Amino acid sequence: MNSDTHPEPEQLAGFNQTPDAPEYAGLRRHLATCADCRQRLDQLNALSRSLRAAPPINKTVTLPNAVLHAIENGPLDDAQRHALSDDPAALKAALHYAAHAQAF
Ligand SMILES: [Zn+2]
């Protein structure tokens, strides 16, 4: 992998699941030098930890645009974090969105 190329969100999500997998050696090197991708991975990690702590129930939710914007562009504020942690279905939707957002 060219270390100047940001990984796709799907790759970050996969790395988040199995960080020691040999296929992610290039991604690990990239993360060592790219603060943007480390921040994005941190967001994925935080979302997936919350998701595991509160397994989602089976319903479809639509996230507010402000939340989607925060997922793509910066940290969620406290009110948005609380809204997600109080609603497992919303959190699941947020994680799905974060994994598929094309924010680079
Ligand atoms: Zn990067």
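Of the contacts in the chain with a separation of 6 or more, 76% are between residues 24 or more positions apart. The model is predicted, and its chain has 104 residues, of which 21% are buried. The secondary structure consists of six helices and zero strands, giving the pattern α-α-α-α-α-α along the sequence.

**Nonpolar core**

- The largest nonpolar core contains 17 residues.
- Within this core, the residues with the most contacts are Leu47, Leu63, Ala90, Leu91, Ala94, Leu95 and Ala98.
- At least two core residues come from each of α1 (9-17), α2 (25-33), α3 (35-53), α4 (65-73) and α6.
- The greatest contribution to this core is that of α6, which gives six residues.
- Ala94 touches Leu47, Leu63, Val67, Ile71 and Leu84, when residues up to four places away in sequence are not counted.
- In soluble globular proteins, nonpolar side chains tend to be buried together.

**Packing of α5 with α6**

- Two packed helices are described by the angle between their axes and the distance between the axes.
- Helix α5 spans residues 78-85 and helix α6 spans residues 88-100; the two pack at an angle of about 115 degrees, and their axes are 6 Å apart.
- Angles of 65 to 115 degrees count as roughly perpendicular, and α5 and α6 are therefore roughly perpendicular to each other.
- On the α5 side, the contact is made by Ala83, Leu84 and Ser85, and on the α6 side by Ala90, Leu91 and Ala94.
- The contact of α5 with α6 comprises five nonpolar residues, one polar residue and no charged residues.
- Ala94 of α6 takes part in this contact, and Ala94 is also among the residues with the most contacts inside the largest nonpolar core.

**Packing of α1 with α3**

- The axes of α1 and α3 lie 10 Å apart, and the two helices pack at an angle of about 55 degrees.
- Helices α1 and α3 are therefore oblique to each other.
- Their crossing is right-handed.
- From α1, the residues making the contact are Leu12, Ala13 and Asn16.
- From α3, the contact is made by Cys37, Arg40, Leu41, Leu44, Asn45 and Ser48.
- By class, the contact of α1 with α3 has five nonpolar, three polar and one charged residue.

Methods:
Residues numbered from 1 in each chain as written. Predicted model: local features only at pLDDT ≥ 70, side-chain atom pairs only at ≥ 80, totals over all residues. Axes fitted to C-alpha atoms, helices over the stretch in contact; angles between N-to-C directions. Helix = DSSP H or I, 4+ residues; strand = E, 2+ residues; numbered from the N terminus. Parallel < 35°, antiparallel > 145°, perpendicular 65-115°, else oblique. Contact = placed C-beta atoms within 7 Å. Nonpolar A, V, L, I, M, F, W, Y, C, P; charged D, E, K, R; others polar. Buried ≥ 20, exposed ≤ 12 C-beta atoms within 10 Å, placed from the backbone. Core = buried A, V, L, I, M, F, W, Y, C linked by C-beta atoms within 7 Å. Left-handed = near helix turned anticlockwise from the far one by under 90°.
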